[in-house]
Amino acid sequence: SIVVFMIGCTATNKDQDLPGVYTQKFEHEFAKNEDTFIVKKASDGNGVYEISHHTGMHKKLDGKLASKKTIIEDFMVEYNTNSQILTDLKEGRKFIWDRGSRSIRIGDSKYVKSQ
């Protein structure tokens, strides 16, 4: 299920670029991951968004990939149009949306918009 994101103020034309699919792929010695954020505008269209975070993980055992395990996380954020920061209302995590590079940054991780 997808949880609705509440946005702090009404979306402007610049915010029309926010909805979409943001992805990051990475691999290390223990796993291969495909991480995705799906951001959609809610039906009321009044600054409300829906988002779902999907992590697909293939664990590596003896150099071979195991079957894919998918983890889905849904949460609510508040979006500040001036700072372009989405704040997780439950855990306080900060997500920075960069319209210019079409990406969302979470700490050192960068998720690039693919759609």
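Biologist: Why does Phe-37 count as buried?

Modeller: Phe-37 has a relative accessibility of 3%. Buried means under 20% relative accessible area, exposed over 50%, and partly exposed in between, with a 1.4 Å probe and protein chains only. At 3%, then, Phe-37 counts as buried. Some ground rules: this is a predicted model, where local features need pLDDT of at least 70 and side-chain atom pairs count only at pLDDT 80 or more, while totals for chains, interfaces and linings use all residues. Residues are numbered from 1 along each chain as its sequence is written, and side-chain values use heavy atoms, with hydrogens and water left out.

Biologist: How many aromatic pairs does a search of the whole structure find?

Modeller: Three. In one of them, Phe-37 and Phe-95 sit 6.0 Å centre to centre, with 70° between the planes. Rings of Phe, Tyr and Trp (its six-membered ring) pair if their centres lie within 6.5 Å; planes under 30 degrees apart are stacked, over 60 edge-to-face, and the rest tilted. That makes Phe-37 and Phe-95 an edge-to-face pair.

Biologist: Which parts does the pair of Phe-37 and Phe-95 tie together?

Modeller: Phe-37 is in strand β3 (residues 31-41) and Phe-95 in strand β8 (residues 94-98), so the pair ties together parts 58 residues apart in sequence. As for the labels, strands (E, at least two residues) and helices (H or I, at least four) are DSSP runs, numbered from the N terminus. Both Phe-37 and Phe-95 are buried.

Biologist: What makes the pair of Phe-37 and Tyr-111 edge-to-face?

Modeller: The ring centres of Phe-37 and Tyr-111 are 4.8 Å apart and the planes stand at 85°, so this pair is edge-to-face. Tyr-111 belongs to strand β10 (residues 109-113) and Phe-37 to β3, so here the parts tied together are 74 residues apart in sequence. Ring pairs link Phe-37, Phe-75, Phe-95 and Tyr-111 into a cluster.

Biologist: How do you know that the charged end of Arg-93 sits over the ring of Phe-75?

Modeller: The charged end of Arg-93 is 4.5 Å from the ring centre of Phe-75. A charge sits over a ring if NZ of Lys or CZ of Arg is within 6 Å of the ring centre and within 35 degrees of the ring normal. Arg-93 is called partly exposed because its relative accessibility is 26%.

Biologist: Which residue forms a salt bridge with Arg-93?

Modeller: Glu-91, with the closest N and O atoms 3.6 Å apart. A salt bridge takes a side-chain nitrogen of Lys or Arg within 4 Å of a carboxyl oxygen of Asp or Glu. Glu-91 has a relative accessible area of 53%, so Glu-91 is exposed. Salt bridges also link Glu-73, Asp-88, Glu-91 and Arg-93 in a network.

Biologist: How many salt bridges does the structure hold?

Modeller: Six. Among them is Asp-17 with Arg-99, at 2.8 Å, N to O. This one links distant parts of the chain, 82 residues apart: Asp-17 is in the loop between β1 (3-6) and β2, and Arg-99 in the loop between β8 and β9 (103-106). Asp-17 is at 33% relative accessibility, so partly exposed, and Arg-99 is partly exposed too, at 37%. Glu-27 and Lys-60 also meet in a salt bridge, at 2.6 Å, N to O.

Biologist: In what sense do β2 and β3 pair?

Modeller: Antiparallel, over eight bridges, with β2 covering residues 20-27. Two strands pair if DSSP finds at least two bridges between them, and β2 and β3 have eight. A hairpin of three residues joins β2 to β3, and Lys-25 stands opposite Glu-34 in β3. β2 also runs antiparallel to β10, joined by two bridges; Thr-23 has Val-112 in β10 as its bridge partner.

Biologist: What makes Thr-36 buried?

Modeller: A relative accessible area of 17%, so Thr-36 is buried. Thr-36 is found in strand β3. Leaving out residues up to four places away in sequence, Thr-36 touches Val-21, Tyr-22, Thr-23, Ser-52, His-53 and His-54, where contact means heavy atoms within 4.5 Å.
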